[in-house]
Structures are given as C-alpha cells and as structure tokens.
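Here is a friendly tour of the pockets and salt bridges in this model. Have a look at the structure first, then read on.

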Amino acid sequence: MTLEKQLKYDKAYLKMALEWGKLSHCKRKQVGALIVKDRMIISDGFNGTPTGFENCCENEEGATKWEVLHAEANAILKVASSTQSAKDATLYITLSPCRECSKLIHQAGIKRVVYANAYKDPSGLNFLEKAGVELNHLPYE
C-alpha cells in the first residue's frame with residue numbers, strides 16, 4: 001500500500017476510534033481504540049468499568065476508579081476471547097498508551113500503533129519504541 005493510501009486509512013480508522021470513545025461513560029476522558037488487521041477491524045474498545053460493574057468511572061472526588069480498564073486493554077481482551085489474533089495488527093487509539101497497556105500491546109503482537117493525542121506520561125511510548133513497535137502520531141485535523 002502506498003504511503004498516501006495508508007495515511008488515508010489511518011485517518012479514517014482514527015476517526016472511527018474517536019467515535020467509539022464517545023460510548024465511554026467516563027467523564028474525565030473518553031478514549032476509543034480499534035485493532036485492525038489486513039484492513040479489517042478485528043476488535044474495538046473504549047475505557048470503562050469491567051462487565052457487571054456500574055458504569056460510573058469516577059469516584060466521589062472525581063478521580064478515576066482503579067478498576068477502570070483502558071480502551072486498548074478492552075480491545076486486546078476482546079481479541080483474546082475471540083478466534084482472532086492481534087499478531088502483526090495495528091492499534092488505532094485516541095490517546096497514546098500508558099506504560100501498563102504498552103506491555104499488553106507488545107505481548108499481543110501488535111506491530112503498529114497510530115494515536116491522535118499524547119498521554120501525559122511518555123513511558124508507554126518509550127517502551128513500545130524500545131520493543132520495536134512502529135509508532136505514528138496523527139493529530140486530528
């Protein structure tokens with residue numbers, strides 16, 4: 001695929017991830033993620049509480065509850081419970097991964113991460129770079 005065509009697809013999938021993030025019940029930050037392999041969406045996720053828990057992501061003080069799962073973790077877990085594999089896939093995410101999720105991304109075999117906004121702590125990106133995962137910062141237009 002040409003670079004121009006790849007950029008066109010990257011922008012489209014990132015816009016879809018943004019829309020998916022709007023499904024999150026979190027008030028502080030809504031994050032969406034898509035995992036794409038061979039130009040097919042194999043998984044999706046948004047940040048939120050685990051299945052069976054109330055959808056409120058923040059405690060009384062407005063801080064994020066510890067049990068909230070990040071969008072990319074939800075997408076990776078969804079792949080794990082399917083017949084699909086994330087090996088050599090691309091993760092599209094509205095916010096770059098934290099250090100904990102970066103380990104999951106690497107272990108899942110995801111080879112490329114396209115993100116719109118940078119998370120305040122760059123250690124997740126630093127880890128992925130060290131692990132040989134291709135990183136592409138693509139801010140929204």
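**Pockets and salt bridges**

The lining of the second largest pocket is made up of five nonpolar, nine polar and two charged residues (Ala, Val, Leu, Ile, Met, Phe, Trp, Tyr, Cys and Pro count as nonpolar, Asp, Glu, Lys and Arg as charged, and the others, Gly among them, as polar). This is a predicted model, where local features need pLDDT of at least 70 and side-chain atom pairs pLDDT 80 or more, while totals for chains, interfaces and linings use all residues. Residues are numbered from 1 along each chain as its sequence is written, and side-chain values use heavy atoms, leaving out hydrogens and water.

**Pockets**
- A pocket is an open set of points on a 1 Å grid over the protein atoms alone, where a 1.4 Å probe fits, with protein on both sides within 12 Å along at least five of seven lines; lining residues have an atom within 4 Å of a point.
- The second largest pocket has 16 lining residues, with Phe 46, Gly 48, Thr 49, Thr 51 and Asn 74 nearest its centre.

**Salt bridges**
- Six salt bridges turn up in the whole structure (a side-chain nitrogen of Lys or Arg within 4 Å of a carboxyl oxygen of Asp or Glu).
- Arg 112 pairs with Asp 10, with their closest N and O atoms 2.5 Å apart.
- Asp 10 is buried, at 1% relative accessible area (buried means under 20%, with a 1.4 Å probe and protein chains only).
- Arg 112 is also buried, at 11%.
- Glu 134 joins Asp 10 and Arg 112 in a network of salt bridges.
- Lys 78 and Asp 44 form another salt bridge, at 2.5 Å from N to O.

Methods:
Buried means under 20% relative accessible area, exposed over 50%, partly exposed in between (1.4 Å probe, protein chains only).
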